[in-house]
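Have the viewer open and follow along.

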Amino acid sequence: MNKIIPAAAGAFALAVSLTGAAKAQDFINVLTGGTSGVYYPLGAGLANIYGEKIDGARTQVQSTKASVENMNLIQSGRGEIAFALGDTVAAAWAGDEEAGFPGKLDQLRGIAAIYPNYIQIVASKESGITDFAGLKGASLSVGAPASGTELNARAIFGAMDMSYDDLGKTEYLPFAESVELIKNRQLDATLQSAGLGVSSIRDLASSLPITVVAVPAQVAENLGAPYISATIPAGTYDGQEADVPTVAISNYLVTNASVTDDMAYAMTKELFENLDTLAASHQAANLIKLENALDGMPIPLHPGAERYYREQGVLK
């Protein structure tokens with residue numbers, strides 16, 4: 001009967017441990033959002049790219065409640081890369097309790113600024129809502145509770161000297177559920193912070209006549225960075241015949257400080273070197289530009305990402 005002497009047993013255990021660590025490091029869990037938003041299809045596309053292009057990588061795509069949950073999951077090491085809104089990332093780094101962060105999330109590290117989220121407020125034509133003031137007394141879904149969308153909604157209402165108390169009814173629902181309630185005439189409008197052409201609003205616009213509600217330019221002026229004035233171009237959704245002013249805010253890809261420099265480098269490199277492939281997952285990827293990758297980054301860069309940007313001349 002074969003026996004393993006203590007020293008050999010220790011060496012064997014160490015080898016197993018190191019192998020396990022290597023395999024764990026090669027696992028990439030991509031944290032996204034709801035399946036009807038933009039994060040999910042882009043995350044699925046990114047996971048496919050990483051699985052094909054990063055040697056030995058095994059990938060998984062996780063649907064979540066998006067920005068706030070994603071930052072908490074990254075902090076606890078339960079994901080390797082995550083999508084999040086810029087104001088949420090800043091709030092997580094600051095430990096903003098009202099935003100859903102009881103303490104500073106000090107393990108967050110930046111990978112890249114990607115595409116902007118547009119605040120898209122869409123009402124059924126039947127509701128009679130034609131402008132932001134028309135939301136008073138109406139029923140509105142402001143996104144899942146304490147999600148990045150809902151944090152955006154709070155900020156925008158504050159900038160308009162309004163609050164949820166001005167609404168007839170406030171619903172806290174993800175995108176797809178909000179749209180279903182509007183279709184069933186149980187809800188007047190939905191506020192969605194997402195890339196242009198988000199599938200939930202496309203679905204709604206193809207089902208019934210809609211109004212895309214303008215967000216006045218003064219909102220971006222009142223809120224300041226990271227909010228900027230933006231436009232939802234005519235024809236983005238069925239029945240939308242004119243450009244609609246709104247505000248936008250950058251999205252970021254975020255990782256954990258414990259991810260190795262080589263892995264963070266590879267995730268950054270393969271993102272920017274496969275944008276054409278990623279655009280097949282969702283048109284929002286067309287707005288991701290290497291020259292904008294560091295714009296407004298609210299947290300420290302991961303050293304692996306920094307190495308890639310120095311190679312590309314984005315960082316001197």
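Start with Pro216, which counts as partly exposed at 28% relative accessibility; that label covers the range between buried (under 20% relative accessible area) and exposed (over 50%), using a 1.4 Å probe and protein chains only. Pro216 sits in the loop between strand E8 (210-213) and helix H8 (217-223). Helices (H or I, at least four residues) and strands (E, at least two) are DSSP runs, numbered from the N terminus. If you want a sense of distance, Pro216 and Leu105 are 111 residues apart in sequence and 33 Å apart in space, C-alpha to C-alpha.

A quick word on the ground rules. This is a predicted model, so local features need pLDDT of at least 70 and side-chain atom pairs count only at pLDDT 80 or more, while totals for chains, interfaces and linings use all residues. Residues are numbered from 1 along each chain as its sequence is written, and side-chain values use heavy atoms, with hydrogens and water left out.

Now move to Asn152, in helix H5 (residues 148-159). Is Asn152 buried or exposed? Asn152 is buried, with a relative accessible area of 0%. Its side chain makes a polar contact with the side chain of Tyr227, at 3.0 Å; such a contact is a pair of N or O atoms within 3.5 Å, and within protein one must be able to donate a hydrogen and the other to accept it, with residues adjacent in sequence counting only if both atoms are side-chain atoms. Setting aside neighbours within four places in sequence, Asn152 is in contact (heavy atoms within 4.5 Å) with Leu85, Asp87, Ile119, Ser193, Tyr227 and Ile249.

Next, the largest nonpolar core, which has 106 residues, with Met71 and Leu271 touching the most other members. A core here is a set of buried Ala, Val, Leu, Ile, Met, Phe, Trp, Tyr and Cys residues joined through side-chain atoms within 4.5 Å. Strand E4 (residues 108-124) gives the most to this core, with 11 residues. Not counting residues up to four places away in sequence, Leu271 touches Leu46, Tyr50, Ala112, Ile114, Leu253 and Leu278. Met71 is among the buried residues of helix H3 (residues 67-75).

Finish at helix H11 (residues 303-311), where Gly304, Ala305, Tyr308 and Tyr309 are buried. Seen down the axis of H11, these fall within an arc of 140°, so they line one face of the helix; the arc is that of the directions from the helix axis to the C-beta atoms. The buried residues of H11 pack against E4 and helix H9 (261-272).
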